[in-house]
Amino acid sequence: MGYRMAPDANGVTRVASATAVWDEQVAVQRQEVQSLRQRMDDNIHALAQRLGRLQAHVTRLNAAGSRMTKLANIDTKEFDFSSPPPLGGPIAETDEQAPTADQFEAALDRFEQDLDSRERQMRVLRDLMLASELREEMTPAGRPVNEGWISSAFGWRTDPFSGRRSMHEGIDFAAGVGTDVVSVAPGVISHAGRKAGYGKLVEVNHGNGYVTRYGHNSKVTVKVGERVERGKVIAKLGSSGRSTGPHLHFEVLRNGKVVDPSAYMEAAR
């Protein structure tokens with residue numbers, strides 16, 4: 001008959017102590033794993049936010065690029081901002097190792113800075129193009145009547161009333177009474193009524209220092225303060241004021257000084 005050894009109280013104590021230490025170490029490791037997972041989640045969330053911001057930058061740049069393509073009248077097939085650019089090339093014999101997390105983050109920083117710079121440049125260029133387009137649109141261009149002929153050009157001539165040599169500060173268009181007189185650019189009516197020498201006069205302020213005048217009308221069809229577009233009928237041709245017969249006296253002023261309207265009429269061709 002065999003004998004069973006009684007449990008050693010000290011041994012049980014040592015086992016219990018070792019188990020407690022092991023449990024504590026496992027708990028610490030679990031905490032570290034949880035903390036690492038949390039940091040990874042935070043890093044992934046931060047990375048997703050940065051990628052979202054970069055995508056927003058790219059979207060804005062694409063929109064600005066599309067707008068500028070239209071402003072510059074460039075073929076959209078040549079610069080298509082709605083699809084990624086075509087890429088390709090042979091397979092490289094050697095590939096670089098995947099970047100580390102720090103290298104990847106540094107590359108993102110550089111890319112984001114580059115996008116910020118490109119976006120600022122694109123915005124300035126777009127604003128300059130829009131301003132140029134607006135100036136071009138507001139500049140007088142074309143004839144103020146769609147029919148008739150030039151009866152007197154800009155420059156020195158013999159005055160039809162005094163017979164003396166005098167400066168003619170506009171261009172006269174001879175046509176039938178009631179012929180439509182149109183604005184040669186968008187603007188705001190600054191005068192609509194009689195004025196000494198001009199008879200029934202319409203004056204249009206186009207901004208950027210440009211003003212046009214349309215004199216000797218038989219009827220004015222606009223009011224002061226009214227906004228008009230290019231080609232809008234503003235009066236009917238006549239012979240009011242200091243006039244020898246039905247015609248339109250057309251003037252262009254730049255920064256308060258009369259200039260030859262013929263250059264602006266030619267610009268519309």
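How many helices and strands make up the secondary structure of the protein chain? The secondary structure comprises 3 helices and 12 strands, where helices (H or I, at least four residues) and strands (E, at least two) are DSSP runs numbered from the N terminus. The model is predicted, so local features need pLDDT of at least 70 and side-chain atom pairs count only at pLDDT 80 or more, while totals for chains, interfaces and linings use all residues. Residues are numbered from 1 along each chain as its sequence is written, and side-chain values use heavy atoms, with hydrogens and water left out.

**Figure 1. The protein chain as a whole.** Of its 269 residues, 28% count as buried; buried means under 20% relative accessible area, exposed over 50%, and partly exposed in between (1.4 Å probe, protein chains only). The accessible surface comes to about 18,400 Å², with 54% belonging to carbon and sulfur atoms (Shrake-Rupley method, 1.4 Å probe; for residues, only the protein chains shown count as cover). Among contacts (heavy atoms within 4.5 Å) with a separation of 6 or more, 63% join residues 24 or more positions apart.

Figure 2. On a 1 Å grid over the protein atoms alone, a pocket is an open set of points where a 1.4 Å probe fits, with protein on both sides within 12 Å along at least five of seven lines, and lining residues have an atom within 4 Å of a point. Of the 21 lining residues, Arg157, His168, His216, Arg242 and His249 lie nearest the centre of the pocket. Strands E1 (149-152), E2 (155-158), E3 (165-168) and E11 (247-254) each supply at least two residues of the lining. The lining divides into 4 nonpolar, 11 polar and 6 charged residues (nonpolar: Ala, Val, Leu, Ile, Met, Phe, Trp, Tyr, Cys and Pro; charged: Asp, Glu, Lys and Arg; polar: the others, Gly among them).

Figure 3. Most residues other than glycine have a negative phi. His216, in strand E8, has a phi near 70 degrees and counts as buried because its relative accessibility is 4%. Asn208 lies in the loop between E7 and E8, and its phi is near 55 degrees. With 42% relative accessibility, Asn208 counts as partly exposed.

**Figure 4. The largest nonpolar core around Val181.** Such a core is a set of buried Ala, Val, Leu, Ile, Met, Phe, Trp, Tyr and Cys residues joined through side-chain atoms within 4.5 Å. Of its 21 residues, Val181, Val202, Tyr214, Ile234 and Leu248 touch the most other members. Two or more residues come from each of strands E4 (171-174), E7 (199-207), E8 (210-220), E10 (233-237) and E11 and from helix H3 (262-267). Beyond its neighbours within four places in sequence, Val181 contacts residues including Pro144, Tyr214, Ile234 and Leu248.

**Figure 5. Thr179 and Asp180.** Thr179 is in the loop between E4 and strand E5 (180-182) and counts as buried, at 8% relative accessibility. Its C-alpha atom is 8.8 Å from that of Gly148, 31 residues apart along the chain. Asp180, in strand E5, is partly exposed because its relative accessible area is 34%. The C-alpha atoms of Asp180 and Ala235, 55 residues apart along the chain, are separated by 6.3 Å. Leaving out residues up to four places away in sequence, Thr179 touches Val145, Glu147, Ala235, Lys236 and Leu237, whereas Asp180 touches Pro144, Val145, Val233, Ala235 and Lys236.
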